[in-house]
Amino acid sequence: MPPEVFHCHPLVTSKTPLLSQISPKSRFKRILHQKYCQGVGGRMKFTKMKLIPVLFFVLCSASIIRFLNISLITTNSSAPLPPSLPSTHQHKCSSESSICKNNISHPQALSTSTDARIISDKEMKFLSEFFSRSVPCNLLVFGVEHHYSSIASLNSGGFTIFLQEHLQKTSTIKSANNTQVHKIKYNTVASKAYQLLKDARENPHCSPMFYQVSSKCNLALSNLPQKVYDTMWDVVVVDGPSGDTLDSPGRMASIYTASILARRGNKTHVIVHDVDRMIEKWFSWEFLCEGNLLSSKGRFWHFQILGVANATTFCTPQSYLSVFRNTSQSQF
C-alpha cells in the first residue's frame, strides 16, 4: 500500500473518525502533523508581516542613492576644466594643425601634468652616480638650471653651459668661467613634430653624418652661443625645452642638435629625459640611434655616441617614420 500522506487541513471533519477510534500510532502521527502545520502557518504569517517594512526600507534607500548619484553627476558636468588644461591651450588648438583639428591628446605623448619635468629621487640617484664617475667634464644641459644645480656644483672642475627656454628671476648658479646660463629661443612647435621628422628625412642637410649644425635644417638650433659649437662635449643632457602641450616648443630640435654636437667629439654621452612621451622617444631613436642606448632609469635614456671619426655605423632610416605618423595621429 502507498505510504500515508498528510496535508495541512483540520484533522477532525464530518468524515474524519474521532481520535479515540484511531490506533495509538496513528493518533501520535496526527498530533505531530497538527503541530507541524500550525508552526508553518505561524512562520509564514510572521515572515509576510516582517517583509513589508523591509521592502519599504530597501526601496527608500535605493531612491536616495539614485538621487545622490544624479546630483553628483550634475555637479561634475558643470565643474570647470582642470588647471592642467589652460584656456590658452584650448585656444591654440583652433589652429590649422591636423592634430589640433582632431582635438586628440595622449597622456604619454604630451603629458599635461605640472609635475611632468620633476626629476624623481631614483632618477637623481642615477645622475649623481653617473656624474660622480664622469666629472670633471664638459657638460651641456638643455633644460631648467635649478634641476641640475647640484650636478653643476659637482662639475666644479669642468665646464658647464645651461640652455634655458626662460631665464629665472632667481638663479641658484651665478655665471662664472666654468658655468654659464643662456636663454635661447625655439622656433618649433610640438604639434608639428611629425612633419619636422618627415622633412628631416628628406633634407640631406639634416643628416647626422655631416656633424655640422646647418641653418638649412629646420631641426637645427643655429642661434646658440658660439661657445656651444666650439666645445667638444663629454656629456649632453636633454631636459628642455617644455614639451607638455601641443603648442609648446617640444624637444625635437634639442635632441637633433644634441646628436650633431655629440658626433663632433670622440665619444659623448647623451642623456634624454621624459622618454615616456612620444616625441622624446621617437626622435631619440631616430637621431641618437637605438643601438647606442646603454641604459635606462626611470624616464631617462642614456646613449653613448661615437664621433664621426670613430663610428663604424650610423643611424639608418627605419620604419620609425611610418610608425610615428600612425601613432601620432591616433595618440597625440
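Tutor: What follows goes through the network of salt bridges and then turns to the sheet, helices and cores.

This is a predicted model, in which local features need pLDDT of at least 70 and side-chain atom pairs count only at pLDDT 80 or more, while totals for chains, interfaces and linings use all residues. Residues are numbered from 1 along each chain as its sequence is written, and side-chain values use heavy atoms, with hydrogens and water left out.

A salt bridge here is a side-chain nitrogen of Lys or Arg within 4 Å of a carboxyl oxygen of Asp or Glu, and by this rule the count comes to eight. The network you ask about links E123, D239, R251, D274, R277, E280 and R299. One of its pairs is R251 with D274, whose closest N and O atoms are 3.0 Å apart. Because R251 lies in the loop between β4 (235-239) and α8, and D274 in the loop between β5 and α9, this pair ties together parts that are 23 residues apart in sequence. The names of these elements come from DSSP runs, numbered from the N terminus, with helices (H or I) of at least four residues and strands (E) of at least two.

R251 also forms a salt bridge with E280, and there the closest N and O atoms are 3.7 Å apart. E280 lies in helix α9, so this second pair ties together parts that are 29 residues apart in sequence. D274, for its part, forms a salt bridge with R277 as well, with 3.6 Å between the closest N and O atoms.

Are these residues buried or exposed? Buried means under 20% relative accessible area and exposed over 50%, with partly exposed in between (1.4 Å probe, protein chains only). Both R251 and E280 are buried, the relative accessible area of R251 being 0%. D274, at 1% relative accessibility, counts as buried, and R277 is buried with a relative accessible area of 1%. E123, another member of the network, has its place in helix α4 (residues 121-134) and is buried at 2%. Leaving aside residues up to four places away in sequence, E123 touches I118, H273, K297, G298, R299 and F300, where contact means heavy atoms within 4.5 Å.

The nonpolar cores complete the picture. A nonpolar core is a set of buried Ala, Val, Leu, Ile, Met, Phe, Trp, Tyr and Cys residues joined through side-chain atoms within 4.5 Å. The largest has 44 residues, and those with the most contacts inside it are L140, F142, L219, V270 and F283. Its largest share, eight residues, comes from helix α8 (residues 252-262). Apart from this core lies another, of 17 residues, among them Y148, I151, F162 and V235.
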